[in-house]
Amino acid sequence: MYTNTFPAELKKAKVIPIPKTKALNDINNYRPISLLSVLSKPLERHIHKHLLQYLDELKLIHSLQSGFRPRHSCHTALTRLTDTWLSSMNRGLMTGVIYLDLSKAFDLVDHNILLSKLNLYLNSQKSHLISNVPKTCSQQSNSHACAISLFKSYLTGRHQSVVVNGLNSSSGLVCRGVPQGSVLGPLLFCVFINDLPLHLTDTNTSCDMFADDATIHTPGSCVTSVNLRLQQGLQEISSWCENNSMM
């Protein structure tokens, strides 16, 4: 029997708090590192392979996203930005830039919103995820229902406990976010944030991304026009964050 569920035992994590700086008394100074079951890795890699292949084939990942993608890196992102800005300078234009870092973005992902976006992206008969599920499942009224059920099972019902000095806390339910330290988590986050650049209505303003880091930039012949475009872009990004429960 095919249940389209991710095993519950593989959804338990131990969280190790690692300090970012020497301020050990500041609770906000700690970065939570999740230790997941080794057995979940091969299964996640299989799902990741087919999801990424599908997204790449149909060119669904935004071209300005450089994070967690093959043949993309911070170097390719910086090269594109530098080339764009130098091109503007050669045309006698100045460039205004705003750097954004969404705080705790991976932990704030709303599961229902992510599943809604996955549902839209996977609603295609070309999906490799669909072609690799059993026929008894793919014959459902919605051919991508099995994949969505699997992703829902993967995201929900997760538990974690904190380990400090060899002592474990009680286990708590994780209601939001993608599993950090997982194979699938980064790709699912890219799917979640994928439509962010589409909310910029001014064609002269771009939003380049590397995972949860974003750079809004726009060229212009005077400071006033650049400031107005950046302010508009910032407001549109703020609206996206509010609509996607990232605030």
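Lysine 59 sits in the loop between α1 and α2 (74-90), where helices (H or I, at least four residues) and strands (E, at least two) are DSSP runs numbered from the N terminus. The structure is a predicted model, in which local features need pLDDT of at least 70 and side-chain atom pairs count only at pLDDT 80 or more, while totals for chains, interfaces and linings use all residues. Residues are numbered from 1 along each chain as its sequence is written, and side-chain values use heavy atoms, with hydrogens and water left out.

Although lysine 59 is not a glycine, its phi is positive, at about 55 degrees. With a relative accessibility of 71%, lysine 59 counts as exposed; on this scale buried means under 20% relative accessible area, exposed over 50%, and partly exposed in between, with a 1.4 Å probe and protein chains only. Histidine 62 is also found in the loop between α1 and α2, but histidine 62 is buried, with a relative accessible area of 19%. A polar atom of the histidine 62 side chain lies 3.0 Å from the backbone nitrogen of leucine 64, which is a polar contact in the sense of a pair of N or O atoms within 3.5 Å, where within protein one atom must be able to donate a hydrogen and the other to accept it, and residues adjacent in sequence count only if both atoms are side-chain atoms. Leaving aside neighbours within four places in sequence, histidine 62 is in contact with Arg69, Asn194, Pro197 and Leu198, contact meaning heavy atoms within 4.5 Å.

A positive phi in a residue other than glycine is found again at asparagine 165, where the value is near 55 degrees. Asparagine 165 has its place in the loop between β4 (158-164) and β5 (167-168), and is exposed, with a relative accessible area of 76%. Helix α7 itself is mostly covered, with eight of its 11 residues buried, namely Ala145, Cys146, Ala147, Ile148, Phe151, Ser153, Tyr154 and Leu155.

Helix α7 (145-155) is also part of what covers the buried residues of α4, together with elements including α1 (40-57), β6 (172-174), α8 (185-193) and α9 (223-243). Within α4, which spans residues 111-121, the buried residues are His111, Ile113, Leu114, Leu115, Lys117, Leu118 and Tyr121. An α-helix has 3.6 residues a turn, so residues three or four places apart point the same way. The N-terminal end of α4 is capped by aspartate 110, a side-chain oxygen of which lies 2.9 Å from the backbone nitrogen of asparagine 112.

Two packed helices are described by the angle between their axes and the distance between the axes. For α4 and α8 the packing angle is about 85 degrees and the axes are 9 Å apart; here axes are lines fitted to C-alpha atoms, for helices over the stretch in contact, and angles run from 0 to 180 degrees between N-to-C directions. The two helices α4 and α8 are therefore roughly perpendicular to each other, since angles under 35 degrees count as roughly parallel, over 145 as roughly antiparallel, 65 to 115 as roughly perpendicular and the rest as oblique. On the α4 side the contact is made by Ile113, Leu114, Lys117, Leu118 and Tyr121, and on the α8 side by Leu188, Val191 and Phe192.

Valine 226 lies in helix α9 and, at 6% relative accessibility, counts as buried. Not counting residues up to four places away in sequence, valine 226 touches Met94, Gly96, Thr218, Pro219 and Gly220. The C-alpha atoms of valine 226 and leucine 118 are separated by 35 Å, the two residues being 108 residues apart along the chain.

A search of the whole structure finds zero disulfides, a disulfide being a pair of cysteine sulfur atoms within 2.5 Å. For cysteine 241, the nearest cysteine sulfur, that of cysteine 207, is 9.6 Å away. Cysteine 241 counts as buried at 7% relative accessibility, whereas cysteine 175 is exposed, with a relative accessible area of 55%.

Taken as a whole, the protein chain has nine helices and eight strands, and buried residues make up 44% of its 247 residues. Of the contacts in the protein chain with a separation of 6 or more, 67% are between residues 24 or more positions apart.
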